[in-house]
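Here is a colleague's note to read beside the model, written as numbered points. Please keep the structure open while you go through them.

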Amino acid sequence: MLLLFAAVCCAASAGNAISTYVALKSGAQDEGGGIAVGGSAADIPLRMLAAYKQAVQKVGKHVPKCRGMRWPILAGIAKVESNHAVGRNVADNGDIRPRIYGVLLNGSGAGGNTTVFPDTDGGRWDGTATGERAVGPFQFLPSTWEGVGQDAGGDGIADPHNADDAALGAAIYLCGNGRDLAKEPQLRAAIFQYNRSDEYVANVRGWIDQYTAAADGPDLENVTGDVRTVIEAALAQRGVPYSWGGGTASGPSTGVCCSPSGKSGASIRGFDCSGLTTYAYAQAGIRLPRTAAAQAGVGRRIPASAGTRALQPGDLVFYAYAPGRDATIYHVGIYVGGGQMVNAARPGAVVRLDAVNAMSGYAGGARLL
């Protein structure tokens with residue numbers, strides 16, 4: 001089992017994966033869910049993105065003790081709640097038309113609601129006095145909006161159907177009495193408060209990871225030639241889901257085998273760690289063996305004793321159960337500089353930028369270019 005684990009390149013138990021890549025930088029979306037260099041694609045309308053960023057700037061006025069609020073957090077919520085109001089018109093002042101209404105919460109079972117919520121706003125926000133329904137791009141109940149709604153646009157009205165007001169209200173709600181959202185337990189608690197479902201938390205958290213990965217990027221100003229080709233090929237796949245055994249020289253693929261925890265990547269199209277490196281290096285005409293341990297035998301080996309400072313952009317980065325014994329290598333990434341690597345870390349995650357020290361058992365690197 002250990003050999004299978006090392007060979008196919010996985011680091012943790014499987015979980016739900018997000019299958020759609022979202023780009024916030026240049027790049028055209030390909031059929032595998034990744035971003036190919038050239039063109040442009042983004043699933044967040046620019047006016048909505050501006051609302052999220054503005055809310056981050058303003059939330060401190062309302063919750064001074066709040067720490068760690070970032071626009072990808074708001075984007076993760078809005079993606080799940082309303083798909084960023086895509087299909088609606090968002091005016092320059094932030095007003096969204098037609099308005100976004102959830103199902104009537106009358107206990108009918110429609111849309112998953114099983115509890116009756118009596119009307120609290122006389123239909124002012126949810127368009128009906130017969131009951132309650134969630135409203136706006138962040139799907140607030142009118143009763144909840146009453147406690148967190150603020151006027152972000154300066155028109156004197158706190159309107160949950162206005163992008164700026166709704167985003168600020170969501171930021172206030174998630175901040176609570178002063179959470180530090182940079183701390184994972186507090187971030188998860190905030191999302192759980194928004195919707196008391198572990199599945200919901202995992203879904204939103206996955207989108208936050210994707211937006212964060214898409215928004216951040218390394219400085220490649222001085223990186224040229226095949227090294228740049230490899231790094232850009234890997235970076236272009238940020239947000240593509242981890243798939244156990246997934247990934248070929250041609251791009252993402254469905255998994256082909258099972259993990260030690262019994263989860264299969266067969267229904268998930270994406271990359272595992274060595275699948276990602278295989279693909280990225282293929283774009284520079286270099287064919288790699290399929291497993292992380294085998295890839296350690298290609299190129300000039302950089303010993304772990306040299307430290308991470310010996311790494312250069314484009315190097316493979318290895319991790320082992322027993323550093324010094326390459327047969328125990330279980331993971332590989334691609335170094336991009338600045339202490340970061342492109343990483344297909346584990347089931348339930350997506351291809352992303354990680355610190356080199358994010359994985360345990362640093363086992364050095366290999367230079368192929």
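1. Which residues in H3 meet which residues in H5? Ile73, Leu74 and Ile77 in H3 meet Ala167, Ala170, Ala171 and Leu174 in H5, where contact means heavy atoms within 4.5 Å. Helices (H or I, at least four residues) are DSSP runs, numbered from the N terminus.

2. A word on the basis of this note: this is a predicted model, in which local features need pLDDT of at least 70 and side-chain atom pairs count only at pLDDT 80 or more, while totals for chains, interfaces and linings use all residues. Residues are numbered from 1 along each chain as its sequence is written, and side-chain values use heavy atoms, with hydrogens and water left out.

3. Two packed helices are described by the angle between their axes and the distance between the axes. The axes of H3 and H5, which are lines fitted to C-alpha atoms over the stretch in contact, with angles running from 0 to 180 degrees between N-to-C directions, come within 10 Å and cross at roughly 105 degrees. H3 and H5 are therefore roughly perpendicular to each other, a label that covers angles from 65 to 115 degrees.

4. The structure holds 1 disulfide, a term used for a pair of cysteine sulfur atoms within 2.5 Å, and it joins cysteine 66 to cysteine 175 with an S to S distance of 2.0 Å. Cysteine 66 lies in the loop between helix H2 (46–62) and helix H3 (71–82), and cysteine 175 lies in helix H5 (residues 163–175), so the pair ties together parts that are 109 residues apart in sequence. The torsion about the S-S bond is about -60 degrees, so this disulfide is left-handed. Both cysteines are buried, meaning under 20% relative accessible area (1.4 Å probe, protein chains only).

5. The largest nonpolar core has 47 residues, and those with the most contacts inside it are Tyr52, Met69, Leu74 and Phe138; such a core is a set of buried Ala, Val, Leu, Ile, Met, Phe, Trp, Tyr and Cys residues joined through side-chain atoms within 4.5 Å. The largest share of this core, 9 residues, comes from H5. Leaving aside neighbours within four places in sequence, tyrosine 52 is in contact with residues including Trp71, Leu74, Phe138 and Ala167.

6. Threonine 277 lies in helix H9 (residues 273–282) and, at 1% relative accessibility, counts as buried. The side chain of threonine 277 reaches the backbone oxygen of serine 274 at 2.9 Å.

Technical notes:
Helix = DSSP H or I, 4+ residues; strand = E, 2+ residues; numbered from the N terminus. Buried < 20%, exposed > 50% of the residue type's maximum accessible area, 1.4 Å probe, protein only. Polar contact = N/O pair within 3.5 Å; in protein donor to acceptor, adjacent residues only side chain to side chain. Parallel < 35°, antiparallel > 145°, perpendicular 65-115°, else oblique.
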